[in-house]
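This report describes the strand pairing and helix packing of the structure shown below.

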Amino acid sequence: MNPNLKCSCAGRAAMQPVALAEALLGVQCGDCHGMVMDMDDWRSWKAADPKRVPHEVDDEVIEVFDLAAVRHCPECERLMQRLRVSAGPDFRIDRCVACQNLWFDQGEWRALVSRGLAGRLDELLSDGWQRRLQTEEVREARLAALRRRYGDDCIDELDRIRTWLDTQPHRDELLALLRAD
């Protein structure tokens, strides 16, 4: 990791080395407390021991300060991609496609560690993961709209019936019977 990076926050502070995990270094801004990690460093760290995970976080509540603004890469100044961690208004991590740097706003690395995701960054940053999150978000929005339209009792009953139907060996026949006049 390049230790001569400057943060893009208002203070434009020099970044200082920080240990993200045993044998995994990044750099951190002294002003905004954001951190940058090179994905090549993470991949090397992970390759040394594929079962390796960062130390557990013992805080019950982790405060995340996700900035909604698009960030410039501290190394090359290109705009970074904002990638979802989970469905909903959680937080996003920023990735520079050119440099393969990740930016973590204050608390984001600790949140990834506490959720068991810090050792799965390649998966989290993949197109498949991002598509799955988008599909989940659309499904949840659709379900919320149906609940508003038909009520919780109706949708809960449909869920109960769906669960029962999924256990039936002749599910398609039963669905055909329901649709028949």
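## Strand pairing

Two strands are taken to pair where DSSP finds at least two bridges between them. The model discussed here is predicted. Strand E2, residues 24-29, and strand E3, residues 35-38, pair in the antiparallel sense over 2 bridges. Val27 has Val36 of E3 as its bridge partner.

E2 and E3 belong to an open sheet of 6 strands, ordered E1-E2-E3-E6-E5-E4, with antiparallel pairing. Its edges are formed by strand E1 (15-21) and strand E4 (81-84), each of which pairs on one side only. On average, neighbouring strands of this sheet are turned by 35° against each other, direction ignored.

Helix H1, which spans residues 39-48, packs on the sheet and touches E1, E2, E3 and strand E6 (101-104). The direction of H1 makes about 60° with that of E3.

## Packing of H4 and H5

A pair of packed helices is described by the angle between their axes and the distance between the axes. For helix H4 (residues 127-150) and helix H5 (residues 152-166), the angle is about 125° and the axes lie 7 Å apart. H4 is therefore oblique to H5.

On the H4 side, the contact involves Leu143, Leu146, Arg147 and Tyr150. These residues meet Asp152, Cys154, Ile155, Asp156 and Asp159 in H5. Classified by residue type, the contact of H4 with H5 comprises 5 nonpolar and 4 charged residues, and no polar ones.

Technical notes:
Residues are numbered from 1 along each chain as its sequence is written. This is a predicted model: local features need pLDDT of at least 70, side-chain atom pairs count only at pLDDT 80 or more; totals for chains, interfaces and linings use all residues. Side-chain values use heavy atoms; hydrogens and water are left out. Helices (H or I, at least four residues) and strands (E, at least two) are DSSP runs, numbered from the N terminus. Axes are lines fitted to C-alpha atoms, for helices over the stretch in contact, and angles run from 0 to 180 degrees between N-to-C directions. Contact means heavy atoms within 4.5 Å. Angles under 35 degrees count as roughly parallel, over 145 as roughly antiparallel, 65 to 115 as roughly perpendicular and the rest as oblique. Ala, Val, Leu, Ile, Met, Phe, Trp, Tyr, Cys and Pro count as nonpolar, Asp, Glu, Lys and Arg as charged, and the others, Gly among them, as polar.
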